[in-house]
Amino acid sequence: MTAAPLPERGYGLPHDVSVDGFRVDELIHFTMAAITVIFVVVAAALIWSFVKHRRGPALYSHGTRGSIGLVVGAVALVLFGVDGNLFVHTLGDMHEYFWNFKRAEAAEGAVRIEINAHQWSWDARYPGADGRFGTPDDVITTDDIRVPVGAPVVVQLASTDVIHSMYLPNLRVKQDAVPGTITRLTFQAKVPGEYEIACAQHCGPNHYKMRAVLTVLAPDAFRNWLADAAEDARRAYDPEDKEAHWGWEWRRFEP
Amino acid sequence: MSTSAQALAEAAQPIHPPPTSFWRQYVFSIDHKMIAKQFLWAGLLFLLVGGTLAMLIRWQWAYPYRPVPVIGQLFLRENGGVIGPATYQQIFTTHGLIMIFFAVTPVLIGCFGNFLIPLMIGARDMAFPKLNMYSFWTFLLSQLLVLASFLSDLGSAGAGWTTYPPLSTNVGTPGVGQTLVVAAIFVTGVSSTMGAINYVTTVIRMRAPGMGYMRLPLTMWGLWLTAILNALFVPVLGSAALLLLLDRNFGTQFFVAGASAVRGGGDPILFQHLFWIFGHPEVYILILPAWGILGDVIPFFARKPHHWYKGTVWSMVIVTVLSAMVYGHHMFMTGMSPLLGEGFMLFTLLISAPSMVVVLNWVLTLWRGSIRFDTPMLFALATVFVFGVGGLTGLFLADISMDLYLHDTMFVVGHFHFTMAAASFIAAMTGVYFWFPKIFGRKLDERLGKAHFWFTFVGITLVFGGQLLAGYAGQQRRLFDPFQYTFIHGLRGLNRWTSFFAFALFAGQFIFVWNFFRTLFGKAVRAGENPWQVTTLEWTATGSPPPFHNFDRIPEVVRGPHEFSNPEVRRLTGRDFAGQSEVLPGSAGPALAAARG
């Protein structure tokens with residue numbers, strides 16, 4: 001087995017263990033650089049005004065063509081150079097990767113999981129050998145989600161009480177679980193280990209305890225665990241236990 | 001000498017005798033200046049309540065599970081002074097609600113809106129003085145409902161200030177306290193709507209002769225646009241609150257849905273749409289008056305006309321229009337249609353353009369100004385700084401893919417505290433220090449004011465900066481004990497230091513309390529009519545404090561609000577400013593000046 005979730009350095013982004021997380025990090029670093037430049041330029045102009053100009057007589061001007069042009073030019077520069085860049089990159093990233101469920105589900109070895117969020121745990125359901133949800137060989141876990149390394153994982157999320165939000169800081173993804181609907185989340189881990197799953201949406205007094213662990217296993221280890229667990233699940237299946245049958249037919253969103 | 005336009009205005013707004021009875025003068029007053037003071041007291045009192053609640057949150061993050069000194073002994077005795085998870089969720093819920101609806105709103109909009117609108121546009125009172133009085137008393141009722149909620153069986157509201165169902169229905173928060181607070185939101189909405197209708201009408205109908213829209217002080221633009229937003233969107237919040245009350249108390253299921261544990265055919269996301277259609281304009285409702293105040297105070301103390309006044313005005317108008325079209329960025333993670341999300345992202349990024357124009361205009365107003373660093377100016381400059389930080393960090397959150405990581409973390413908390421909490425609070429302080437001489441006829445002490453300034457500015461930057469850092473490292477919001485998570489363990493020191501700075505920030509506010517009461521009840525030093533040597537009507541056309549009827553004669557406005565350092569004015573008067581209705585010696589009088597525009 002691997003080690004329990006490790007503490008992060010403290011400051012800065014938690015270390016990224018996902019295939020696509022770097023896309024988020026790159027945008028964060030780009031934005032950080034851009035706002036630092038903007039901040040320094042504006043602060044320098046202000047400090048210059050405070051120190052250099054304060055004693056002299058004030059300039060009588062409501063703004064000239066040149067100074068208004070400077071404002072418009074600076075705004076246009078930021079709008080197209082920074083905001084525009086963010087917009088275009090994000091459109092691409094969302095369509096190609098973070099919200100591209102079609103591609104993730106079609107990928108070879110893709111793992112499908114149904115997760116039922118409720119006060120205050122995460123119940124996960126894997127289809128057994130039959131590949132279908134809601135059958136006696138479904139593997140059900142609580143606050144313990146296991147995935148193989150290097151394969152896309154597609155999660156369908158539901159909630160049975162209030163709104164929760166599934167948040168994986170080390171994989172840079174998040175998705176709300178909303179009662180009455182099924183939402184989706186996809187990610188792909190690239191480093192085996194144990195990572196934390198957090199609830200990001202206030203969901204009652206024990207919101208702070210709604211923590212689960214994501215275990216990223218080597219593909220073989222994952223396959224063996226799932227096969228064993230499915231066997232156990234089939235033996236433990238109780239048709240009378242309606243509470244345990246919260247699964248749903250895997251939802252097809254795309255035609 | 002009076003012009004025909006002035007005679008018309010005088011005929012429309014004759015002078016009424018001031019009330020003589022105590023009740024009519026101080027309690028059930030219809031005088032906008034007295035109502036403004038009532039809002040100021042009510043707001044400052046709740047600012048103290050909201051601030052105390054913030055200290056409890058910070059205590060919990062610095063010393064989880066330890067008894068709270070003093071306050072714990074007073075209010076949490078049955079728990080040994082320790083904050084429990086159920087109490088904690090009430091603390092952060094009511095902190096947010098009180099600060100937004102019952103502290104900053106009454107000071108920025110209730111007090112300054114009421115006090116300044118008639119005086120700055122040259123009117124004798126509001127368009128509907130009685131409606132104004134009802135607005136205050138309705139507001140007071142909503143504050144009492146909030147206080148009552150703390151006394152109820154299961155305590156006050158606990159579903160977060162956003163009050164998302166199903167958590168805010170009986171499913172998650174069955175207590176009477178939550179019902180009382182939702183009712184308080186509804187009632188305060190009624191109060192805001194009444195105030196907003198009054199403000200909008202007053203600015204449209206009662207501007208003094210010559211006070212065209214492009215001569216309005218920017219404070220007026222800010223308050224007027226805010227009033228328009230209030231009139232349009234607070235009723236949406238009211239309807240959401242009403243439907244939620246029906247869900248809570250009458251068994252309807254507008255917002256209740258669920259698979260098994262909770263049945264119901266409603267839609268929790270519907271509430272979020274209603275809430276944020278109001279909730280995002282609300283951010284601008286709080287920031288537009290702040291922008292307005294800065295738009296006047298910065299040129300006043302830089303002794304320079306505002307740079308590109310029309311650019312700032314139109315930017316504020318554009319922000320007002322766009323404000324309701326960006327709200328979806330609060331809901332990027334709800335599973336909304338990607339196309340819808342991308343549209344909201346586009347508008348959110350676009351709204352940064354007018355905001356940048358406003359900020360750059362401040363910078364260019366200061367450029368080559370002859371800056372006077374009095375206390376109001378220090379607070380105004382601090383507002384520029386904190387709003388700048390808040391605005392820039394907003395870039396991260398406008399963006400869907402960065403929100404995959406940052407949404408619902410402390411980064412969001414830091415961002416909105418810099419913008420709508422720090423910027424609107426410091427701008428409110430700018431206003432308090434600046435207009436105090438006009439409201440009370442006395443000037444606050446400058447030395448104490450500057451001490452208060454440094455505590456506030458440095459404190460706020462460190463506290464909300466600490467929140468940004470915690471969120472950047474991934475810490476979620478609203479955690480009773482963040483250190484349940486291993487990945488947050490490294491942030492213990494950061495959280496504790498942020499708390500220390502917060503305690504210092506809170507303590508520093510008592511300098512202001514001391515200054516406020518000392519000036520008000522201590523030895524009287526008259527401020528004089530125009531202690532800051534500025535141009536707008538409330539300073540140049542009436543006394544401090546103004547008489548009951550505001551102006552002995554309704555002024556006729558002849559120029560814009562920021563006429564500073566004009567060489568021609570200096571030649572004629574020897575001063576570096578000219579009042580908005582001032583007739584310069586040797587000029588042909590207001591009629592001709594007005595004709596020339």
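## Strand β6 of chain A

In this predicted model, His164(A), Met166(A) and Leu168(A) point one way from β6(A), while Ser165(A) and Tyr167(A) point the other way, and all are buried (20 or more other C-beta atoms within 10 Å of the residue's own, with C-beta atoms placed from the backbone). The strand, residues 164-168, is accordingly described as mostly covered, with five of its five residues buried. Strands are DSSP runs of E with at least two residues, helices are runs of H or I with at least four, and both are numbered from the N terminus.

## Pairing partners

β6(A) pairs with β7(A), residues 173-177, in the antiparallel sense over five bridges; pairing requires at least two DSSP bridges between two strands. His164(A) lies opposite Ala177(A) of β7(A). Four residues separate the two strands of this hairpin, and Arg172(A) in the turn has a positive phi of about 60°.

An antiparallel pairing over two bridges also joins β6(A) to β9(A), residues 193-199. There, Cys199(A) is the bridge partner of Met166(A).

## Helix packing in chain B

Helices α16(B), residues 446-472, and α17(B), residues 492-521, pack at about 155° with axes 8 Å apart (axes fitted to C-alpha atoms over the stretch in contact, angles running from 0 to 180 degrees between N-to-C directions). The pair is therefore roughly antiparallel, the term for angles over 145 degrees.

## Numbering and confidence

Residues are numbered from 1 along each chain as its sequence is written, and chains are lettered from A and ligands numbered from 1 in the order in which they are written. The model is predicted: local features need pLDDT of at least 70, side-chain atom pairs count only at pLDDT 80 or more, and totals for chains, interfaces and linings use all residues.

Technical notes. Angles under 35 degrees count as roughly parallel, over 145 as roughly antiparallel, 65 to 115 as roughly perpendicular and the rest as oblique. A residue is buried if 20 or more other C-beta atoms lie within 10 Å of its own, exposed if 12 or fewer, and partly exposed in between; C-beta atoms are placed from the backbone.
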